[in-house]
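Please open the structure in a viewer and keep the selection panel at hand.

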Amino acid sequence: MNEVRFYGHTPPGAGDEETPGRLVVVEGTDGVGRSTQIAMLREWLEAEGYAVLVTGFRRSELAATGIDRAMRGNTLDPMTLNLFYATDFWDRLEKNIVPALRSGMVALVDRYIFSIIARARVRGVSPRWLNDVFEFAVVPDIVLYLDVDVEHLVPRVLSVRQLDHWESGEDFLRGPDLYQNFITYQSALIDEFRELAKEHQFVTVDGRGSVGDVFEALKTEVRKALEGMS
Amino acid sequence: MTVLQKEHAYKMGERYGLHPDDGQYPGKLIIVEGIDGSGKSTQIDLLGKWLNSQNLVTVFTEWNSSPIVRRTTKRGKVEELLTPMSFSLIHAADFANRVHAQILPALRAGAVVLADRYVFTAFARDAARGVNREWLRRVYSFAVQPSLALYFKVPLDVSIHRITVGREELGYYESGQDMGFSSDREESFRLFQGKLLDEYDALTEEFGLMTIDATQPIAVQQQQVRKYVEPLLEDVMAISGQSVPEALGRAGLTGRYITSPMRRRLTELEALAAAKSDG
C-alpha cells in the first residue's frame, strides 16, 4: 500500500488514506514527444495487466472550456491563468486522479503541476507563491522528465505544425520575430524545468533519442516505480 | 490607516514577482464586507454617489465579476460541479484578474477603488467549507492592502428577513448545501450564514476590520462610513474641481441645462414629436 502524500496540507475532498494505485507523471516542454510516449506507455501497461487512467492539461469538466475561451482573448494575465490552471488541475485531481489511485489504477498524467509552475515562473510569478498554491497536489510516485535542448526542439515542432502564439510566449514577449520569441521562450522554459528537476527529484530522460530508445528508458523507470504493486 | 496586521501584511512585490513597485499608490482602496443581507452593497453604492458628487474618480469592482472567469464559476454553480477547493480556486482566479485589470491600474492612476467584498469573503466562506486557513492567506497574498476595510455586522435574523423580502430563491452554494448541513435549503442557509458570522468575527479581530452596526438606519450608517472615508480623500484624483455637467458645458459640449427640468421636458416633447412624425 502507498500512502497519499501532499506537498503541504491535506485539502478537503482528497482523502488521506492509503492507496493501492501509483501516480506516474510525464513532464517536458511543448513538442518533446510526451503524448506519443504516453500513448505507448498506456498500451504497454494495459498489456501488462494494469488498469490505467490517462489525464492531461485542460481536460477538467469544470474549467477546460473556460481556459480555452480565456486564451483566445488578450486580457489573460499570468496570475489569473495560473489560478485557472490550478482550478482545472484540482478538478481532475479530485475527480479523476485520486479516485484512480484509491481504486488501484496507474494514473498516467501528461503534465502535472510542474508545467503550470514553469510557465508561470517564466512570466515572473513568484516561485514561493506558486509552491504555496500547489501544495494541495499529491506527490507523484515518479516524475519522468523528457529533457531536450531548444536546438533539437525546433525541427521537431516545425516538422509537425507552425509555431504557436502561447508556445512562443507572445503573451508577454514583444517584437514581431516569432522564431526568436519561440527560441527565447522555450529556452527559458527548459531552464525552469531543469531547475524544477533538481528541486523535485525528477527522473530525467534524454528526449533527443529515437522514440524507441526513449520508450525503453521510460519503461525501465516506470517498472521500478510500480514495484510491489499487486 | 493600517487595516491588516503586520504578520499578514500584504506587501505588494514581496512574494508576487510581477509588480516591481513598492505598493505605494496615489489611489485609495475601500472595501466592504458582510454576510448576505447586511446592507453593505447599499452602503458602498451610497458612498460611490457621494464621492462622484465631489467629482472624485471612482472605480467599482464586485466579487466574482471578472469577464474572463465568471462564466466558468457560474457554470460550476449551475451544474453543481464545484467542491470546496475548486470553489476557492476559481474565485481566486476571478480576484487575480480583477486585481490585474481593474484594481491596480485604477490605484496607480489615483482613483478611489470601491470593492463590494474582498479577500475576507474568501477567507470566511472557504474556511467555513473546511479549506485550510493558512493556505488561503498565502494564496491571496498578492492582494492589495485596503486603505479602509469596513465590516457590516448584522444578526442572522435581520439579514435573513432582509433577504427573504428582497429575493425569490436561495442558491445552492450560498446556502452551503454542498456541505450537507441540512437538506432543507432555508435551514442550510441559516446554518451556513451562522458559520460565516463566526468567521467574520474572527477576521475582524485578526485583520482589524472596522465594524459598523448594520442594524442602524441606512442614513446613520452612511454618516459613519463617510467619517471613516473623509480623511483618505486628500490626494485622490478629481475631475478638475467642477461638476461634470458644468465642465462639459464650459467645453461647449452639452449646454448648461442638460439636467434641468426644463431640458428634460424639452426632451420629452422632442420624443413625442418624433413619435408623431413616425406614425
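Begin by selecting chain A, which contains eight helices and seven strands; helices (H or I, at least four residues) and strands (E, at least two) are DSSP runs, numbered from the N terminus. The radius of gyration of chain A is 17 Å, close to the 17 Å that the globule rule gives for 230 residues, so chain A is as compact as a globular protein of that length. That radius is taken over C-alpha atoms, and the globule rule is 2.2 Å times the number of residues to the power 0.38.

This is a predicted model, in which local features need pLDDT of at least 70 and side-chain atom pairs count only at pLDDT 80 or more, while totals for chains, interfaces and linings use all residues. Residues are numbered from 1 along each chain as its sequence is written, and chains are lettered from A and ligands numbered from 1 in the order in which they are written.

With chain A still selected, orient the C-alpha trace along its principal axes, where it spans about 55 × 40 × 30 Å. Buried residues make up 42% of the 230 residues in chain A. A residue is buried if 20 or more other C-beta atoms lie within 10 Å of its own, exposed if 12 or fewer, and partly exposed in between, with C-beta atoms placed from the backbone. Of the contacts in chain A with a separation of 6 or more, 77% are between residues 24 or more positions apart; two residues are in contact if their C-beta atoms, placed from the backbone, lie within 7 Å.

Next, select residues 22-27 of chain A, which form strand E3. Six of the six residues are buried, so E3(A) is largely enclosed by the rest of the structure. Arg22(A), Val24(A) and Val26(A) point one way from the strand, and Leu23(A), Val25(A) and Glu27(A) the other way. In a regular strand the side chains alternate between the two faces of the sheet.

Val24(A) has Leu108(A) as its bridge partner, and Val26(A) stands opposite Asp110(A). E5(A) is mostly covered, with four of its five residues buried.

**Strand E4 and Leu53 of chain A**

Select strand E4 (residues 52-56) of chain A, which includes Leu53(A). E4(A) and E5(A) run parallel and are joined by five bridges, and Val52(A) stands opposite Val106(A).

Is Leu53(A) buried or partly exposed? Leu53(A) is partly exposed, because 19 other C-beta atoms lie within 10 Å. Beyond its neighbours within four places in sequence, Leu53(A) is in contact with Asn96(A), Ala100(A), Met105(A), Ala107(A) and Leu108(A). Ile97(A) is 44 residues away from Leu53(A) in sequence, yet the two are 7.6 Å apart in space, C-alpha to C-alpha.

Move to Ala107(A), whose contacts, leaving aside neighbours within four places in sequence, include Gly21(A), Leu23(A), Val24(A) and Ile97(A).

**The nonpolar core**

Color Phe84(A), Ile97(A), Ala107(A), Ile117(A), Ala92(B), Leu107(B) and Val113(B): of the 125 residues in the largest nonpolar core, these touch the most other members. Such a core is a set of buried Ala, Val, Leu, Ile, Met, Phe, Trp, Tyr and Cys residues joined through C-beta atoms within 7 Å.

**Chain B and the interface**

Select chain B, which has ten helices and five strands. Buried residues make up 38% of its 279 residues.

How many residues of chain B are in contact with chain A? There are 31, and they are in contact with 33 residues of chain A. Helix H2 (70-78), helix H3 (84-109) and helix H5 (133-139) of chain B are the elements that give two or more residues to this side. H3(B) supplies the largest share, eleven residues.

Finally, select helix H7 (residues 185-207) of chain B, whose 23 residues reach 32 Å from first C-alpha to last. Its buried residues include Phe189(B), Phe192(B), Leu196(B) and Leu203(B). After H7(B) comes Gly208(B), whose phi is positive, near 65°.

Note on methods: Expected span 1.5 Å × (residues − 1). Pairing = 2+ DSSP bridges.
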